[in-house]
Each structure stands twice: as structure tokens, then as C-alpha cells.
Amino acid sequence: KQWYQRRVRGLNFCLRLFRVALSKMSKFIVLILLVTIFVLVLGSSDCPLKKKKLSKRIKKYRKKCLGKGFQSSVGCTSADKKIGKKLQRKCQKLETILKKCDFSCAVDGGWSGYGGWTDCSAECGGGTQTRSRTCSNPAPAFGGADCEGEAEESQECNVD
């Protein structure tokens, strides 16, 4: 997603530059300038891996690092184990490469606590009141699952 956003920002920049330059320079110079910027913005990527190799590295990271207790800095959960220094260094190096490729682990959403009850909808004869919670503890991120269950609950009130 970040890769895509960088490209869109780059294209927007190119369009703005083109409009300004058109009024001040010849079309030929503007075209050369735009092609140069286009190649610099769209042709560059911080990720040193191609798609297939990236997929393999992610699998390796999950199995050999997270599966053995490596403490991630990109939001991944790992096994509750202690790992050796050699594996720690290898996993840190692998994680650094994956960060350059905008990798981060999915974070599943968790519910906040319920807020207070609303006022009763009727003073007598029975009414209802509700309270709600949000899916923000943590909020789902990077393709993680939304919270399961209802965001709001209600109860009867003033039934006497």
C-alpha cells in the first residue's frame, strides 16, 4: 500500500510540475523533465526482492523466526520461546529486508471496554438503554480481522 501511495504522490507531483513548466518552458524540455522524474519516482523501490523471493522470505521469517520466539518489531506475534544470539541476528537481518519491502504483520482487532449506559428511553412502563464499544484495542491493521461480536448491547429499564 505504501508503495502504491508513493507512486501516486509521484504522479501528482509530475502533473503539477508539468502545468507550471508548460507556461514557462518549451514542450520538449518539459517532456524530458517529466520522463526523468517519472523514471526516478516510479522506477525506484527500496525493496531489494522480487515478488516470488519476497514471498519465500516472509514464509521463512514466520517459520524460522516467529515460530521460534523472535520478538518482532513490525507487529508480529511470536512463539513464547527464547532464541539464541545467532538466530536473533539472522532474524533481525531478515526483518530489516522485509521492512524495506513494506512488510508488516496483520493485527487483528480487539474490543475496547463498553461505555456507560444511555438514559432510559422511557420514564415508566419500560424502556431500553444501550451502551457501545469500539474495535480499537487494537484497531485492525495490515489486513487483520475485524472484531467479532456486536459493538452495541441493550437492556430493558424502568419496567416497574
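Reader: Is the crossing of α3 and α4 left-handed or right-handed?

Author: In this predicted model, the axes of helix α3 (residues 51-65) and helix α4 (residues 85-100) come within 10 Å. These axes cross at roughly 145°. The crossing of α3 and α4 is left-handed.

Reader: Which residues in α4 do the residues of α3 meet?

Author: By class, the contact of α3 with α4 has nine nonpolar, no polar and four charged residues. From α3, the contact takes in Leu54, Arg57, Ile58, Lys60, Tyr61, Lys64 and Cys65. The residues they meet in α4 are Leu87, Cys91, Leu94, Glu95, Ile97 and Leu98.

Reader: What is the hand of the disulfide of cysteine 65 and cysteine 91?

Author: The sulfur atoms of cysteine 65 and cysteine 91 are 2.1 Å apart, and the two residues form a disulfide. The pair links distant parts of the chain, with cysteine 65 in helix α3 and cysteine 91 in helix α4, 26 residues apart. Cysteine 65 and cysteine 91 are buried. The torsion about their S-S bond is about -95°, so the disulfide is left-handed.

Reader: How many residues apart in sequence are the parts that cysteine 120 and cysteine 157 tie together?

Author: A disulfide joins cysteine 120 to cysteine 157, with an S to S distance of 1.9 Å. Its torsion about the S-S bond is about 90°, so this disulfide is right-handed. Cysteine 120 lies in the loop between α4 and β1, whereas cysteine 157 lies in strand β2, so the parts tied together are separated in sequence by 37 residues.

Reader: Where do cysteine 135 and cysteine 147 lie?

Author: These two cysteines form a disulfide, their sulfur atoms 2.1 Å apart. With 85° about the S-S bond, the link is right-handed. Cysteine 135 and cysteine 147 are twelve residues apart, and each lies in the loop between β1 and β2.

Terms used:
Residues numbered from 1 in each chain as written. Predicted model: local features only at pLDDT ≥ 70, side-chain atom pairs only at ≥ 80, totals over all residues. Heavy atoms only, no water. Axes fitted to C-alpha atoms, helices over the stretch in contact; angles between N-to-C directions. Helix = DSSP H or I, 4+ residues; strand = E, 2+ residues; numbered from the N terminus. Left-handed = near helix turned anticlockwise from the far one by under 90°. Contact = heavy atoms within 4.5 Å. Nonpolar A, V, L, I, M, F, W, Y, C, P; charged D, E, K, R; others polar. Disulfide = S-S within 2.5 Å. Buried < 20%, exposed > 50% of the residue type's maximum accessible area, 1.4 Å probe, protein only.
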